Amino acid sequence: MTLQQTVIDQFTARYHSAPPLVVRAPGRVNLIGEHTDYNDGFVLPMAIDRAVVIALRPREDDLIRLHALDFDALIEFRISAMRKGEPSPAEYVKGMIFALQQRGLPLRGWEGVMQGDVPIGAGLSSSAALELAVARAAVAASGGVWDAPQMALAAQQAENQWVGVQCGIMDQMISAVGQRGHAVLIDCRDLSTTVLPLPSETVVVVLDTNTRRGLVDSAYNERRAQCEAAARFFGVKALRDVTLAQFRAREAELDPVTARRARHVISENERVLAAQAALLADDAAAFGRLMIASHESLRDDFAVSSEALNRVVTCALAHPACYGARMTGAGFGGCGVALVQASAAEEFLQHVARWYQARQSDGVIAPTAYVCHASDGAALL
Ligand code: GLA
């Protein structure tokens, strides 16, 4: 049964009538442009066919009541009396409502049922999907106007100020603006977007290492601080404003670690723009080479990969139908992503399974691999 059907059935069972509103917001996989968003740079993700779906109806008062089927939890609070609680999915819901309230949106209560199929903590932005689904639900219940970039900013505010995660804007933006069958280039400085076709005759394969990120928050914040220090050194607002030539001219004056972090961000921004050109030229091979270079830069210069991520990339690249592969998301665990010839997709998945089977005795855990399709951003269904 689809998520949509499940939440409709569960809503009907609970409230004895069909839900007047059903909303959906997707997770994402980033194709290239990693750790560039908080440097005002470029990212090139796509929204995926895994999402959070909510069936709901407006209420006359200001109570929000949400049955979260995945967590077997009832999330319930009044908009006029929200308080921070222990870390739980409810905090994302409250945080989102808080951010909408801060923006002066007229809000009313609503009740409903929610379910999702974005794996949690895998680096596919399950939290952005949850936030944007809640935002879409709240705006639909209140009869407001949906402004996708503004809603992405509100979701980021929810993460930063309510949940306490200092993430950039990529995940929330792509969950808001994704386009079926397409990748989206996002300029994280002005939030302008360019919808781009995916290479023809290819598929995007997600390779979930099934390792979950540990210690990521402190490492993420440390990387951000290093990037900010490098930007200060160059006297610019963000590393987005430094070209590779400018970097090379002064790189020796930086301490080696800061230099490596900066080199990743600056070169990654250039790779994203080159990747855009590759998509416009329908050049899967060129796009794949950029993915490989991105992974090497994240592994060697930005130091956010892991053994499991490096292994899954090595495995993917060992198949001739794979144009390119890299780690995706914040790093330290989670998923790899590969661009693969569509006609060989099945064969590629079998190759991955066999490759890991051969290494089973070394205690290596096999990834969960699947083809992902680019989907639309947050929407009323
Ligand atoms: C996480 C953050 C994003 C981005 C990526 C790295 O997904 O939420 O904002 O910084 O890491 O590219």
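In this predicted model, a side-chain N or O atom of Asp37 lies 2.5 Å from an oxygen atom of the ligand.

| Residue | Protein atom | Ligand atom | Distance |
|---|---|---|---|
| Asp37 | side-chain N or O | oxygen | 2.5 Å |
| Glu34 | side-chain N or O | oxygen | 2.6 Å |
| His35 | backbone N or O | oxygen | 2.7 Å |

The ligand taken alone exposes 310 Å², and the protein buries 94% of that area. Around the ligand stand Arg28, Glu34, His35, Asp37, Tyr38, Cys167, Gly168, Met170, Asp171, Tyr220, Gly329 and Ala330.

The model also contains an open sheet of 4 strands, paired antiparallel in the order β9-β10-β8-β11. Strands β9 (322-327) and β11 (368-372) form the edges, each pairing on one side only. From one strand to the next the twist averages 20°.

Strand β8, residues 202-208, runs antiparallel to β11 and is joined to it by 5 bridges. Within this pairing, Leu207 stands opposite Ala369 of β11. In general, the strands of a sheet pair through backbone hydrogen bonds, in either a parallel or an antiparallel manner.

Two helices lie across strands of this sheet. Helix α10, residues 307-317, lies across β8, β9 and β10 (335-341), and runs at about 180° to β9. Helix α11, residues 345-357, lies across β8, β9, β10 and β11, and its direction is at about 20° to β8.

Conventions. Residues are numbered from 1 along each chain as its sequence is written. This is a predicted model: local features need pLDDT of at least 70, side-chain atom pairs count only at pLDDT 80 or more; totals for chains, interfaces and linings use all residues. Side-chain values use heavy atoms; hydrogens and water are left out. Two strands pair if DSSP finds at least two bridges between them. Axes are lines fitted to C-alpha atoms, for helices over the stretch in contact, and angles run from 0 to 180 degrees between N-to-C directions. Contact means heavy atoms within 4.5 Å. A residue is near a molecule or strand if one of its heavy atoms lies within 4 Å of it. A polar contact is a pair of N or O atoms within 3.5 Å; within protein, one must be able to donate a hydrogen and the other to accept it, and residues adjacent in sequence count only if both atoms are side-chain atoms. Accessible areas come from the Shrake-Rupley method with a 1.4 Å probe; for residues, only the protein chains shown count as cover.
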